[in-house]
Amino acid sequence: EVYDDLVTRGLYEEAHFDIDEVQKVLSMLEEDFSFAQRLKNTPKPSWRVIFNAYYDVLREGCDQLMRCKNQKTSNHQGVFAFIVLRFGELELDWELLERIRTLRNENKYRGADVTQQMWKSIELSFQLYCSTVLEEIEKRIEEK
């Protein structure tokens with residue numbers, strides 16, 4: 001429904017797939033992801049900072065996957081809807097992506113903090129999703 005609504009509203013646009021650009025972004029995302037993972041081991045980690053770092057890796061990675069299909073959108077919900085529908089083989093759960101996106105929006109726009117308990121409830125899936133998306137980008141680059 002989200003995808004269809006955004007298509008109707010013209011929020012998906014055609015995008016050029018530039019392999020060099022995607023490789024550069026992938027390299028930065030891998031570095032950011034590695035850094036975010038290390039943050040979890042610091043004394044008194046900020047779960048909000050870690051959550052937002054993971055979110056940025058996941059969302060930007062999904063943006064790059066969209067480029068592999070020559071599409072883009074600035075709407076985060078639209079990015080995730082596209083990935084769930086067009087990259088079904090990744091088996092990303094729409095409900096979890098919505099939960100993550102909603103938590104991010106509550107933090108960014110309503111000042112809701114991300115607690116350790118919130119983080120722990122999604123950590124393993126979030127980690128798997130980030131890894132899966134980054135690996136898929138790598139695979140798509142190799143195919144080009």
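1. A polar contact of 3.0 Å links the side chains of E98 and Q77. Here a polar contact is a pair of N or O atoms within 3.5 Å; within protein, one must be able to donate a hydrogen and the other to accept it, and residues adjacent in sequence count only if both atoms are side-chain atoms.

2. A word on the background: this is a predicted model, where local features need pLDDT of at least 70, side-chain atom pairs count only at pLDDT 80 or more, and totals for chains, interfaces and linings use all residues. Residues are numbered from 1 along each chain as its sequence is written, and side-chain values use heavy atoms, leaving out hydrogens and water.

3. Where does E98 sit? You will find E98 in helix 5, which covers residues 94-110. With 14% relative accessibility, E98 counts as buried (under 20% relative accessible area; exposed is over 50%, partly exposed in between, with a 1.4 Å probe and protein chains only).

4. Now step back to the protein chain, which has 6 helices and 2 strands (DSSP runs numbered from the N terminus: helices are H or I, at least four residues, and strands are E, at least two). Along the sequence, the pattern reads α-β-α-α-β-α-α-α.

5. The C-alpha atoms fill a box of roughly 45 × 35 × 25 Å, taken along the principal axes.

6. Finally, look at contacts (heavy atoms within 4.5 Å). Among those in the protein chain with a separation of 6 or more, 70% come from residues 24 or more positions apart.
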